[in-house]
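Work through the exercises below with the sequence and the model side by side. Each task is followed by a stepwise solution.

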Amino acid sequence: MATKKITFDPSAGVPVASNLSIYGGTDFSAIFTIVDTSDAAFTLYSDSAAWTGSAQVQKGAGVAATTTPAGTFVVGVDTSAGKISLSMGSTDTSSLAQGRYLYNVLVGTGASIYNMIDGNIRVYTGISSAP
């Protein structure tokens with residue numbers, strides 16, 4: 001499981017870059033602890049609308065690239081701890097071909113949507129089969 005601390009500044013208008021690795025055929029999970037520019041927990045406060053998130057993996061982006069997602073993460077938002085989790089089961093990771101992918105994480109509540117995290121994912125295929 002990858003655990004990363006990222007500093008998010010919504011006024012900057014850009015996501016934080018964070019690269020990840022996935023090993024095909026295994027369960028994947030990553031937890032991001034979100035802090036603000038003063039290194040305090042980023043306020044994922046609970047208000048009238050619940051926080052939700054979405055994240056997908058795509059082989060490429062740009063002109064002539066396919067925009068069909070190669071995979072979708074399950075996204076969890078823990079407002080009390082200021083954490084975002086991503087997970088993908090072994091069945092889904094085994095369907096990813098080896099190579100470099102792009103991903104991004106959108107998190108929002110009500111009318112506010114943040115493109116919070118993005119980066120590259122390196123997918124490695126397994127050599128051995130499960131016992």
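**Exercise 1.** In this predicted model, is I34 buried or exposed, and why?

Solution. 
- Step 1: Locate the residue. I34 sits in strand β4.
- Step 2: Apply the cut-off. Buried means under 20% relative accessible area.
- Step 3: Compare. The relative accessibility of I34 is 0%, so I34 counts as buried.

**Exercise 2.** Find what I34 touches beyond residues up to four places away in sequence.

Solution. 
- Step 1: List the partners. They are I6, F8, A40, A41, F42, G82, I84, M116 and I117.
- Step 2: Take one of them, G82. Between I34 and G82 there is a separation of 48 residues in sequence, while their C-alpha atoms are 5.7 Å apart.

**Exercise 3.** Describe the surroundings of T93.

Solution. 
- Step 1: T93 belongs to helix α1, residues 90-94.
- Step 2: T93 counts as buried because its relative accessibility is 0%.
- Step 3: A polar atom of the T93 side chain lies 3.2 Å from the backbone oxygen of S90.
- Step 4: Beyond four places in sequence, T93 is in contact with I22, Y23, G24, G25, T26, F28 and M88.

Key. Residues numbered from 1 in each chain as written. Predicted model: local features only at pLDDT ≥ 70, side-chain atom pairs only at ≥ 80, totals over all residues. Heavy atoms only, no water. Helix = DSSP H or I, 4+ residues; strand = E, 2+ residues; numbered from the N terminus. Buried < 20%, exposed > 50% of the residue type's maximum accessible area, 1.4 Å probe, protein only. Contact = heavy atoms within 4.5 Å. Polar contact = N/O pair within 3.5 Å; in protein donor to acceptor, adjacent residues only side chain to side chain.
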